[in-house]
Amino acid sequence: MNANELRDKTPDQLREELVNLKKEGFNLRFQQATGQLENTSGIKAARRSAARVKTILNQKAAAAASEE
């Protein structure tokens, strides 16, 4: 999911997406620790996606604060 798609979502949807990405990252790390993970690039992708969502959330919060 790219940043433009994330900007169209509401903050509640972004928080839900962040929770899902963190769960996915945890599951991938758990699979790696147990030796079941085949595609290690998924860990990096999940981590970057979570960072992207956090960035958009912070931008929306800053924009809301500046409007007041």
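Which side chains meet in a salt bridge at 3.7 Å, N to O? The points below take this up, with some other features.

1. Basis. This is a predicted model, in which local features need pLDDT of at least 70 and side-chain atom pairs count only at pLDDT 80 or more, while totals for chains, interfaces and linings use all residues. Residues are numbered from 1 along each chain as its sequence is written, and side-chain values use heavy atoms, with hydrogens and water left out.

2. The opening question. The pair is Glu17 and Lys9, whose side chains meet in a salt bridge with 3.7 Å from N to O. A salt bridge here is a side-chain nitrogen of Lys or Arg within 4 Å of a carboxyl oxygen of Asp or Glu. Lys9 counts as partly exposed because its relative accessibility is 22%. For that scale, buried means under 20% relative accessible area, exposed means over 50%, and partly exposed lies in between (1.4 Å probe, protein chains only). In general, side chains of opposite charge can pair when their charged atoms come close.

3. The other salt bridge. The structure holds 2 salt bridges. Asp12 forms one with Arg15, and the closest N and O atoms are 3.0 Å apart. Both residues lie in helix α2, 3 residues apart, which is about one turn of the helix. Helices are DSSP runs (H or I, at least four residues), numbered from the N terminus. Asp12 is exposed, at 56% relative accessibility, whereas Arg15 is partly exposed, at 45%.

4. The nonpolar core. The largest nonpolar core has 8 residues: Leu6, Leu14, Leu18, Leu21, Ala50, Val53, Ile56 and Leu57. Elements α2 and α3 each give two or more residues to this core, and α3 gives the most, with 4 residues. The term stands for a set of buried Ala, Val, Leu, Ile, Met, Phe, Trp, Tyr and Cys residues joined through side-chain atoms within 4.5 Å. In soluble globular proteins, nonpolar side chains tend to be buried together.

5. A charged patch. Lys44, Arg47, Arg48 and Arg52 form a positive surface patch. Of these, Arg48 lies in helix α3, residues 41-67. Patch residues have over 30% relative accessible area and no salt bridge, and like charges are joined within 9 Å. Lys and Arg count as positive, and the place of a charge is NZ of Lys or CZ of Arg.

6. Gln13 is found in helix α2, residues 11-34, and is partly exposed at 41% relative accessible area. Its C-alpha atom is separated by 30 Å from that of Glu38, 25 residues apart along the chain. Leu28 is also placed in helix α2, but Leu28 counts as buried, at 13%. The C-alpha atoms of Leu28 and Lys9 are separated by 25 Å, with the two residues 19 apart along the chain.

7. Helix α1. Ala3 lies in helix α1, residues 3-7. Ala3 is partly exposed, with a relative accessible area of 22%. Ala3 and Ala45 are 42 residues apart in sequence and 14 Å apart in space, C-alpha to C-alpha.

Conventions. Patch = residues over 30% accessible without salt bridge, like charges linked within 9 Å, V, L, I, M, F, W, Y side chains within 5 Å. Areas by Shrake-Rupley, 256 points an atom, 1.4 Å probe, with all protein chains shown as cover.
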